[in-house]
Amino acid sequence: LDTCRPREPRQSGTDVLKLALGNPPMPLRLEIKKKLSARSDRVKCVDLHPTEPWVLSALYSGNVFLWETESSSLIKSWEVCDLPVRSCKFIARRSQFICASDDMYLRIYNYNTMEKIKAMEAHADYIRFVEIHPTMPYVLSSSDDMSMKMWSWEQNWECTSTFEGHAHYVMMCKFNPKDANTFASASLDRTIKVWGLGAHQPHFSLEGHERGVNCLDYYPGGDKPYLISGADDKSIKIWDYQTKACIQTLEGHSNNVCSVLFHPRLPVLVSASEDGTVRIWHATTYRAETTLNYGLERAWSIAAAQESNGLAIGYDEGTVLIKLGHDAPVASLDTHTGKLVSASNNDIQSVSLKGAAADHADGEKLNLVMKDMGSCEIFPQIIQHNCNGRFLVICGDGEYIIYTSQALRNKAFGQALDFAWSAVGTGDFAIRESLSRIKIFKNFKEELTVKPPMSAPEGIFGGACLAVRGADCVCFFDWNMGTFICKIDVAPTAIYWNETQEMVLLVCEDQGFVLKYIKDLVDKAVSEGSVAPEVGVPGAFEPEHEISGTIEKGQWIGDCFIFSNGHGRLSYFVGGNTMTLCHLDQQGTGPLFMLGYLPREDRVYFMDRSRNVVSYRVLLSVLQYQTAVVRCDFDAANAILPAIPESEHSSIARFLEAQGHKDVALQVSKDKDHRFDLALELGKLNEATILLDETPCHSQDTTDSMTKWKRLGDLALSSCDIPLAERCAQNAKDLAGLLMLYTASGNRAGVSTLAHDALNQGKFNVAFVSYFILGQVEECYELLVKTNRVPEAALFARTFLPSHISSAVALWRKDLKQVSERAAAALADPSEYPNLFPDLDCALKVEEIFKQNRGKLVSASAYQSAKDDLDLDLISLMKSQHATAASDAGFASSANHTKSTRPTKECASTDSINSEPVLTSVSSKDDIKDGIEADEYKSVLKGKQKGPGNEADAILNDDFGDDDDW
């Protein structure tokens with residue numbers, strides 16, 4: 001329980017006995033957490049936005065600050081004037097705020113655009129406070145000129161009424177939330193006056209403070225006509241404005257009381273004083289519960305929002321925001337009948353959710369008409385149905401009351417720090433009566449007392465077993481005998497049991513643990529009395545899974561656990577996997593709190609802080625199917641599948657995939673993308689190809705489609721399905737992949753087509769490589785020139801196409817002149833400087849021979865014998881052949897006694913490569929050696945003696961260039 005307070009004694013014998021024994025009232029158990037602490041100049045007023053996490057601060061320095069509470073950051077600021085700003089209030093209906101300053105002006109700003117909407121001189125003296133009417137377009141201001149004025153924003157901020165009657169400064173004014181036509185004012189003339197909007201004179205005055213009254217507030221509930229005030233006499237008074245009597249005076253502050261309020265959601269009232277403290281008082285007993293002192297000097301202002309548990313405080317040295325208790329609404333949903341019971345302050349209301357969401361979309365607010373069940377004697381902080389929904393318990397104020405769920409008739413009550421229902425019996429429950437005493441009740445009667453093996457239990461949980469939480473562990477006990485069963489070294493914040501009592505989830509701070517409960521083993525050990533008190537039942541729980549992340553609230557449906565995680569997601573856990581069902585729309589409503597799941601409605605219900613109910617669809621058949629799959633009951637799963645709409649089949653398929661049943665997922669899924677992924681994972685190439693062939697024409701050239709063809713092609717290639725891999729590469733426009741396929745398979749026609757396609761698509765690298773592999777060096781050269789790669793074209797011509805060197809140099813010079821004429825002039829042209837290009841004539845001859853023979857292909861089977869020829873220097877071989885041929889021709893000339901002229905060195909003609917060498921000139925007779933007959937020369941020419949010339953001839957005739965790749 002977050003807050004508990006003592007209940008007013010009932011007129012019963014039990015209550016008289018309790019009072020006679022002198023049982024002390026339970027203290028208010030209220031968790032207080034600081035959400036914002038921002039240092040600044042003196043803060044004279046604070047206000048909370050009703051829906052956004054914002055705090056507005058009015059500073060004595062003349063500024064207004066807007067703080068964001070979730071990130072503790074200053075998001076906007078306004079320099080209003082050079083004098084103090086004493087009051088500021090949000091006008092959320094208009095996305096504006098109004099502030100009052102000591103220059104007697106009221107100013108209105110748009111807090112989104114930061115634009116100043118209006119500035120008007122409102123009073124003749126300092127303006128102390130502004131108040132916004134809850135429903136009508138009115139703003140009320142109070143001033144040191146002893147008057148109050150009402151302004152209408154629908155009439156361009158004209159003053160519609162003036163109220164005078166106080167004899168001193170008017171420090172504050174407040175509208176009555178139960179009667180919007182009346183308001184009250186507090187003045188330093190020591191009085192509180194109550195006014196009507198239609199009258200210029202007060203209805204009556206409340207007198208009782210000994211010094212000036214600084215602040216006041218109305219009680220927000222409808223059951224008490226109360227008003228609270230704080231004054232410079234250091235006291236706080238509670239007034240009944242119907243009887244005009246002071247019913248209580250609270251004392252405890254040591255200096256002036258500057259601000260007071262009734263909290264709109266909690267049974268507390270709060271006061272702030274110049275003594276630097278903020279005191280929290282019980283709204284019923286008026287006992288001082290807590291005193292807060294954050295060391296920021298004097299406290300000037302406090303504010304609370306209607307829809308949250310936040311409390312903003314303005315100090316001399318900054319702004320503080322604290323959170324009192326939790327924001328979750330007090331409600332319980334009976335999953336058997338669909339009846340929702342909720343609390344609004346002390347009023348208990350109910351409504352049936354059956355059929356309420358039939359015509360509503362997910363996240364849409366349901367139109368519900370709440371039915372009043374009555375008023376609870378204690379302030380409700382927890383409402384919880386029992387296992388079958390026949391009874392419900394309301395906890396608060398350190399007590400519990402059990403009612404019948406239909407008519408709210410009292411069944412049992414008592415004092416308790418914690419309460420837990422049993423999942424076994426209708427009237428079975430347990431309470432933590434004190435720090436160390438835990439009692440079990442059977443059929444609403446006290447049965448036994450449990451002594452947990454820990455010094456200070458911190459809470460209890462119900463279910464199939466009674467769980468007692470310690471500081472670092474949780475212990476489980478049997479409901480019937482109170483027998484100790486097991487101790488687990490985690491400290492859960494909640495425990496959930498499934499309906500069959502076989503699975504239990506321990507929810508910790510940032511993860512959950514799923515355990516399997518061996519019920520038969522425990523029942524047998526308990527019935528036989530063989531349980532050791534210190535050991536329990538070994539093997540009672542077996543760990544199954546872990547759930548990472550936060551779990552706010554959830555519910556078991558079979559073996560599926562559906563839950564909200566606190567980050568705007570509705571998820572469910574089954575078979576070790578967590579999947580997101582939907583994202584909750586929390587923009588306009590704030591946080592949504594899960595109520596429960598109704599299987600007959602196929603919906604999960606949520607409630608926001610304003611007690612509005614929304615729902616989201618979750619099919620029971622889907623959860624049952626997944627439960628059957630987890631249990632490996634595929635017959636049951638197949639029987640359930642036809643009942644699941646086809647729109648849910650894709651989500652079912654993803655679940656099956658996560659469970660490892662990919663073949664079944666492929667059959668179930670209706671999502672083509674998912675089916676394609678599954679087909680690839682299962683290696684079903686034909687099915688994946690069919691799915692891609694069904695792609696509409698307008699989607700075939702998209703990036704997604706081509707990526708899929710690429711993935712399928714990779715799988716086909718790994719499966720050695722070359723035709724399919726080629727088709728995939730073509731559809732994916734994967735030119736690099738096609739190049740690899742064609743070169744590996746020796747597809748010369750394919751490479752030729754690829755070169756043309758690559759050129760048309762602007763893939764010049766692929767086109768260049770394709771042309772080069774084909775030996776089409778002319779196209780390579782033209783491609784380099786076309787793409788303005790002139791230097792590369794010149795170097796390429798020098799190496800592979802010497803006949804184009806001069807044209808390439810001319811283009812290079814022209815291009816280089818744009819950068820440096822000197823550098824361009826340094827380029828050498830072989831027609832101008834033949835001495836710089838040795839062996840060029842031989843290179844030209846080799847080029848001609850290459851062009852004539854590049855169509856001759858070598859079989860791949862001849863690779864071992866031909867691979868060494870790739871490293872030969874053809875020009876050197878040509879020169880060696882020339883030298884050998886010249887020598888042999890000299891011997892032949894000497895044998896025939898033929899005279900010759902002076903020798904010249906020329907390369908062999910083209911015919912000399914294909915037949916016996918024929919020289920255009922021969923050596924002189926001085927070079928002819930004696931003793932060599934003509935017959936020997938002929939034998940050399942006929943190849944009987946192998947020389948380097950014959951080797952060059954064989955290479956040039958058989959193959960030259962890159963055709964060895966084929």
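Reply: Happy to! One term to begin with: contact means heavy atoms within 4.5 Å. Please also keep in mind that this is a predicted model.

Me: With that term in hand, which residues does F606 touch, not counting residues up to four places away in sequence?

Reply: F606 touches S564, L570, L584, L592, F593, M594, L595, N612, V613, V614 and Y616. F606 also belongs to the largest nonpolar core, which has 36 residues. Along with I562, L570, V604, Y616 and Y625, F606 is among those that touch the most other members.

Me: Which helix gives the most to this core?

Reply: That is helix α3, residues 620–630, with six residues. There is also a second, separate core of 31 residues, and A758, A793, A794 and I805 are included in it.

Me: What makes S101 count as buried?

Reply: Buried means under 20% relative accessible area. S101 has 1% relative accessibility, so S101 counts as buried. You can find S101 in strand β7, residues 96–101. Leaving aside neighbours within four places in sequence, S101 is in contact with C81, P84, V85, R86, R107 and I127. Take R86 from that list: R86 and S101 are 15 residues apart along the chain, and their C-alpha atoms are separated by 5.6 Å.

Me: How do you know that E317 and R39 form a salt bridge?

Reply: The cut-off is a side-chain nitrogen of Lys or Arg within 4 Å of a carboxyl oxygen of Asp or Glu. For E317 and R39 the N to O distance is 2.6 Å, so the pair meets that cut-off. A search of the whole structure finds 29 salt bridges.

Me: Why can we say that the pair of E317 and R39 ties together parts that are apart in sequence?

Reply: E317 lies in the loop between β27 (310–315) and β28 (318–324), while R39 lies in strand β1 (residues 32–39), so the parts they tie together are 278 residues apart in sequence.

Me: Are E317 and R39 buried, partly exposed or exposed?

Reply: Exposed means over 50%, and partly exposed is what lies between that and the 20% limit for buried. R39, at 58% relative accessibility, therefore counts as exposed. E317, at 28%, counts as partly exposed.

Me: What makes D704 and K708 a salt bridge, and where do they sit?

Reply: Their closest N and O atoms are 3.5 Å apart, and the limit is 4 Å, so D704 and K708 form a salt bridge. Both are in helix α9, residues 703–718, and because they are four residues apart there, about one helical turn separates them. Their cover can be read from the percentages: K708, at 13% relative accessibility, counts as buried, whereas D704, at 46%, counts as partly exposed.

Me: What makes strand β47 mostly covered?

Reply: Five of the seven residues in β47 (residues 511–517) are buried.

Me: Why is M740 called partly exposed?

Reply: M740 has 44% relative accessibility, so M740 counts as partly exposed. M740 is found in helix α11, residues 735–745. Together with L717 and I722, M740 makes a nonpolar surface patch of about 230 Å².

Key. Residues numbered from 1 in each chain as written. Predicted model: local features only at pLDDT ≥ 70, side-chain atom pairs only at ≥ 80, totals over all residues. Heavy atoms only, no water. Patch = residues over 30% accessible without salt bridge, like charges linked within 9 Å, V, L, I, M, F, W, Y side chains within 5 Å. Areas by Shrake-Rupley, 256 points an atom, 1.4 Å probe, with all protein chains shown as cover. Helix = DSSP H or I, 4+ residues; strand = E, 2+ residues; numbered from the N terminus. Buried < 20%, exposed > 50% of the residue type's maximum accessible area, 1.4 Å probe, protein only. Core = buried A, V, L, I, M, F, W, Y, C linked by side-chain atoms within 4.5 Å.
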